[in-house]
Amino acid sequence: MGKFVVTTRKNGEFQFNLLATNGQVILSSEGYTTKAACLNGIESVKKNAVEDARFEIKEAKNGKPYFNLKATNGQVIGSSQMYASMDTLKVGMASVKKNAPDAPVVEE
């Protein structure tokens, strides 16, 4: 089972990463000013990850695909890494859908 890992950045902001069962980061948040806001972001990921329509596929300047997970209000709540191909991106999206809903939260 995957897990959410909450960390504190050097600037004091909180961030979460969703890790797959193998420990690889499959979704990362932006910085939050409070831990409570970060935990709310995790809850939003858990709810929205099961909805295909919440995933937005994008292309980076270097041509590599990645995806954003959006909340119902359209705000980005998490972004993936860059992928080598659309096939590997789809595997990453499936991993988020599988792992996020029941993933425990740990702090580091």
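Residues are numbered from 1 along each chain as its sequence is written. In this predicted model, local features need pLDDT of at least 70 and side-chain atom pairs count only at pLDDT 80 or more, while totals for chains, interfaces and linings use all residues; side-chain values use heavy atoms, with hydrogens and water left out.

**Exercise 1. Find out whether the length of helix H2 agrees or disagrees with its number of residues.**

Step 1. Helices (H or I, at least four residues) and strands (E, at least two) are DSSP runs, numbered from the N terminus. H2 covers residues 86–99, which is 14 residues.

Step 2. The expected span is 1.5 Å times one less than the number of residues. For H2 this gives 20 Å.

Step 3. The end C-alpha atoms of H2 are 20 Å apart, so the two values agree.

**Exercise 2. State which residues of H2 are buried, which are exposed, and what covers the buried ones.**

Step 1. Use the cut-offs: buried means under 20% relative accessible area, exposed over 50%, and partly exposed in between (1.4 Å probe, protein chains only).

Step 2. The buried residues in H2 are Leu89, Gly92, Met93, Ser95, Val96 and Asn99. Looking down the axis of H2, these fall within an arc of 155°, so they line one face of the helix. The arc is taken from the directions from the helix axis to the C-beta atoms.

Step 3. Asp87, Val91 and Lys98 are exposed on the other side of H2. For aspartate 87 the relative accessible area is 59%.

Step 4. The cover over the buried residues includes strands S2 (14–19), S3 (25–28), S4 (55–59) and S5 (65–70), where contact means heavy atoms within 4.5 Å.

**Exercise 3. Describe how strand S1 pairs with S2 and with S7.**

Step 1. Two strands pair if DSSP finds at least two bridges between them.

Step 2. S1 (residues 3–8) and S2 are antiparallel, with six bridges. In this pairing, threonine 7 is opposite glutamine 15 in S2.

Step 3. Five residues separate S1 and S2 in a hairpin, and glycine 12 in the turn has a positive phi of about 90°.

Step 4. With S7 (residues 105–107), S1 pairs in the parallel sense over three bridges. Here valine 6 has glutamate 107 in S7 as its bridge partner.

**Exercise 4. How many aromatic pairs does a search of the whole structure find, and how are the rings of phenylalanine 67 and tyrosine 83 arranged?**

Step 1. Rings of Phe, Tyr and Trp (its six-membered ring) pair if their centres lie within 6.5 Å; planes under 30 degrees apart count as stacked, over 60 as edge-to-face and the rest as tilted. The search finds four aromatic pairs.

Step 2. One of these joins phenylalanine 4 and phenylalanine 16, at 5.7 Å centre to centre with 75° between the planes, an edge-to-face pair. Phenylalanine 4 is in S1 and phenylalanine 16 in S2, twelve residues apart. Phenylalanine 4 is buried at 0%, and phenylalanine 16 is buried at 0%.

Step 3. The ring centres of phenylalanine 67 and tyrosine 83 are 6.2 Å apart and the planes are at 10°, so this pair is stacked. Phenylalanine 67 is in S5 and tyrosine 83 in the loop between S6 (76–79) and H2, so the pair ties together parts 16 residues apart in sequence. Phenylalanine 67 is buried at 0%, and tyrosine 83 is buried at 7%.

Step 4. Phe4, Phe16 and Tyr32 make up one aromatic cluster.
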